[in-house]
Amino acid sequence: MPRATRMHLLAGLLLCIALTLHSAAAQRSQSKRGPNYYGTFVGNFSSYAHNLGGDVYVLDESTFYIKHFNYDGNAPNGYFWIGKTPMPMPDGTPVPYPEHTSDNPKPLQAYQDQDIILRLPAGIKVRDIKYLSVWCRRFTVNFGMVLIPEDLWIPAPRVLPEFSRLAHGLRSDNITILDSKTFYIPNLHYDGAGPDAYFWVGKGPEPDTHGIKVPNEMNSSQPLQGYEGVDIEIVLPGNLTVYDIDWLAVWCVQYKHNFGHVLIPKDLDVPPALGQTKIAPPWWYTPTSSTPAPEMSNCIELLEGRVQVQWELMGEDVQIRVSGRIRENQYVAFGLSGSEGKAQMIGADVVVVGYNKSSNSFFAEDYYMSEYAQCDGKRGVCPDHRIGGKNDAVFVSGKRENGVTTVTYMRPLRTNELDYDRMIPDKETTIIAAIGLLNKNLEANAHLSSDSTGEDIRIDFAGRGVHQCTNSLYNLPAQKELKPWPAMSIAGEDTFTARIGPTGGDRGYPSITGEPAWGIAWYINEMLIPELTVERGQNYTFLVEGGDDKTMSTRYHPFYITSSREGGYGQLNAEQQKRQRVFAGVARDASGYPYPTAAGRYCEYQHKSVDKSAMTESFEEFFGTLRLHCEEGQPATLVWHVEEDTPDLVYYQCYTHRNLGWKIHVVDQGYGPLKTESGAGRSRALLVLLVGCLAAALGSLVGR
């Protein structure tokens with residue numbers, strides 16, 4: 001062959017190789033930006049037995065992603081298997097899945113069209129192996145495999161420079177892009193003095209007003225607080241990835257000022273964000289003192305970092321440790337959502353943990369939630385033992401230190417109590433958590449949804465290496481104390497309208513009564529639980545609109561007047577009912593069973609948008625944020641004749657639930673205060689009366 005021809009062929013070959021490499025690189029770059037990027041494609045499982053199948057990708061140097069994995073699970077001793085030989089051999093290494101302890105992994109169960117993340121054992125990298133297979137250890141049989149090319153391109157985290165130092169003491173060590181959505185920012189310093197500062201990302205040569213807010217490390221979108229040398233991770237919101245942005249900054253929205261930023265390179269080859277980064281840190285990442293390693297294998301943060309949950313699989317049980325930055329009269333609830341794929345309280349199976357200050361003890365109680373209502377002994381947010389079940393949570397230990405309550409308990413993976421408990425699956429499942437107030441019986445008050453998880457958060461109770469806890473609960477700021485609203489009162493009236501409405505957060509019901517609120521309370525004449533004053537021997541009419549549908553516990557609140565500070569007559573047994581005196585609103589049928597008589601249509605004062613009690617200094621201002629919604633029907637009419645032997649203090653309450661109402665002061669005829677609408681109004685009326693008396697006395701003296 002002539003030399004010129006050989007040169008042309010060589011040039012063509014080189015051009016072909018260059019075009020191929022360019023095409024492959026372009027394909028990689030394009031695929032990374034698309035919704036179906038799962039890392040570098042390795043190959044499809046060959047299938048020799050047991051319906052093995054799946055598409056294998058590599059996420060990073062220690063992690064595979066297998067899409068549409070199928071395996072019938074009928075082999076007695078099948079494992080994921082890796083090795084350095086050209087073909088699977090008995091001297092290979094098992095890869096535990098789910099991630100049990102590597103010295104005693106469990107055989108694979110059946111999987112059908114499942115997407116899984118498979119982490120290699122510690123110290124082994126994808127480049128160290130030549131195959132991934134499913135192998136029967138007992139009979140030394142290869143069920144199928146995929147070969148690992150020597151030149152396999154492996155996505156890797158990308159180290160960036162530190163933040164530029166422009167204002168407010170902002171600085172950090174080198175920032176790392178862990179995956180297509182996650183930034184690791186070590187040794188972050190910021191004085192917190194910016195009035196409206198956020199993590200901020202966007203397009204263009206430098207930060208500007210057209211950026212997008214990124215939630216902080218606790219997934220909160222509140223303005224940034226100060227940082228003193230902490231290591232954090234932040235995740236881009238929605239469908240946004242690092243391939244869509246040119247910079248990450250700390251930006252003040254109010255004053256349009258850049259406190260510092262870092263540029264994002266265009267030639268990124270980082271892993272996709274499929275959960276592998278949050279399931280375990282990269283092999284090179286060592287937690288610092290600001291991100292303490294959990295005592296158990298797994299740790300997750302919930303409710304903007306106020307709750308941390310650690311867990312460890314122990315045979316047929318799972319040990320769970322729940323820590324919450326809560327007050328002594330609050331609880332933390334944690335468990336399985338009532339619906340897979342979304343956070344749902346109805347049907348949820350949770351354990352409520354808390355602290356008993358009077359006995360300096362702790363508890364873990366199994367709950368089932370059938371309705372968004374206080375437990376009435378049949379329905380609502382109920383301990384299992386109150387509705388015919390049993391407590392499957394076995395208390396292990398507890399402590400309270402520096403405002404943090406921590407309780408450790410055990411619960412079984414499987415249960416025979418299917419009416420109230422859910423099985424813990426051997427795969428990722430949706431969990432929920434909530435913080436709320438305890439009543440005097442140390443039971444959770446509804447509504448749990450008022451301060452609870454709202455997104456689909458999933459964990460694998462059988463997994464290992466879930467390290468998502470980045471903050472110390474002890475370093476969180478204490479909850480802000482809100483100024484309570486003054487108690488209101490009504491006197492001189494003989495007709496009252498009773499409706500349902502919100503409790504007003506920390507400013508309202510709990511501050512006024514000293515009792516826990518559970519989400520709703522009585523509104524009398526458009527006031528939140530005012531203190532009423534009535535006279536003995538007189539008649540008083542209550543128009544009651546608390547709901548009359550017995551099938552809906554959340555909308556069935558008959559009104560009655562009682563000696564009980566709590567109410568809830570319908571929840572009590574016969575012996576307990578004898579210890580409570582009823583003055584109006586309860587009758588008995590021919591068999592002697594009590595029933596409520598004041599159940600009218602349902603009217604509720606509802607938030608126009610969100611609860612703004614924390615932002616309103618007065619009840620009048622808060623009431624302006626509500627709207628009244630009434631269902632069809634008529635109010636119930638309760639006429640109460642106040643007998644001469646009625647005690648000086650009684651209460652208006654709900655027949656089916658506790659802690660909805662408040663005080664009624666009973667006075668003799670002629671001794672009641674003048675008609676007022678609040679404590680301040682009563683003071684003004686008394687002042688007018690006093691001035692009038694003084695004027696009359698002076699007039700009498702002058703007349704003499």
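What share of the contacts in the protein with a separation of 6 or more is accounted for by residues 24 or more positions apart? Such residues account for 67% of these contacts, a contact being a pair with heavy atoms within 4.5 Å. The structure is a predicted model, in which local features need pLDDT of at least 70 and side-chain atom pairs count only at pLDDT 80 or more, while totals for chains, interfaces and linings use all residues. Residues are numbered from 1 along each chain as its sequence is written, and side-chain values use heavy atoms, with hydrogens and water left out.

The protein contains six helices and 42 strands; these elements are DSSP runs numbered from the N terminus, with helices (H or I) of at least four residues and strands (E) of at least two. Of the 704 residues, 51% are buried. Buried here denotes under 20% relative accessible area, exposed denotes over 50%, and partly exposed lies in between (1.4 Å probe, protein chains only). The accessible surface of the protein is about 32800 Å², and carbon and sulfur atoms contribute 52% of this area. Accessible areas were computed by the Shrake-Rupley method with a 1.4 Å probe, and for residues only the protein chains shown count as cover.

Strands of a sheet pair through backbone hydrogen bonds, either parallel or antiparallel. Two strands are taken as paired if DSSP finds at least two bridges between them. An open sheet of four strands has the order β13-β12-β15-β16, with antiparallel pairing. Its edge strands, β13 (212–214) and β16 (257–263), each pair on one side only. The twist from one strand to the next averages 35°, where axes are lines fitted to C-alpha atoms (for helices over the stretch in contact) and angles run from 0 to 180 degrees between N-to-C directions. Within this sheet, six bridges join β12 (residues 197–202) to β15 (residues 247–252) in the antiparallel sense, and Trp-200 has Ala-249 in β15 as its bridge partner.

A further open sheet is built of six strands in the order β28-β32-β42-β41-β34-β35, and its pairing is mixed. The edges are β28 (489–491) and β35 (582–584), each of which pairs on one side only. On average, neighbouring strands of this sheet are turned by 30° against each other, direction ignored. The pairing of β28 with β32 (residues 531–535) is parallel and extends over three bridges, with Ile-490 opposite Leu-532 in β32.

Strand β19 (residues 317–325) is largely enclosed by the rest of the structure, because eight of its nine residues are buried. This strand runs antiparallel to β18 (residues 307–314), to which eight bridges join it; Val-309 stands opposite Val-322 in β19. The two strands β18 and β19 form a hairpin with two residues between them, and Gly-315 in the turn has a positive phi of about 65°. Strand β19 also pairs with β25 (residues 404–412), in the antiparallel sense and over nine bridges. Here the bridge partner of Arg-321 is Thr-408 in β25.

Ser-172 lies in the loop between β9 (158–159) and β10 (176–179). With a relative accessibility of 2%, Ser-172 is buried. Its side chain reaches the backbone nitrogen of Phe-163 at 3.2 Å. Apart from neighbours within four places in sequence, the residues in contact with Ser-172 are Glu-162, Phe-163, Arg-165, Ile-185, Pro-186, Asn-187 and Leu-188.

A disulfide is a covalent bond between the sulfur atoms of two cysteines. Under the criterion of a pair of cysteine sulfur atoms within 2.5 Å, two disulfides are counted. In the disulfide of Cys-299 and Cys-469, the sulfur atoms are 1.9 Å apart, and the link is left-handed, with -85° about the S-S bond. This pair links distant parts of the chain, 170 residues apart: Cys-299 is in β17 (residues 298–302) and Cys-469 is in the loop between β27 (457–459) and β28. Cys-299 is buried at 2% relative accessible area, and Cys-469 is buried at 12%.

Cys-603 and Cys-630 also form a disulfide, with 2.1 Å between their sulfur atoms. Their link is right-handed, with 120° about the S-S bond. The pair connects β38 (residues 603–607), which holds Cys-603, to β39 (residues 626–630), which holds Cys-630, across 27 residues. Cys-603 is buried at 0% relative accessibility, whereas Cys-630 is partly exposed at 27%. Two further cysteines were examined for burial: Cys-252 is buried at 2% relative accessibility, and Cys-654 is buried at 0%.

Methods. A polar contact is a pair of N or O atoms within 3.5 Å; within protein, one must be able to donate a hydrogen and the other to accept it, and residues adjacent in sequence count only if both atoms are side-chain atoms.
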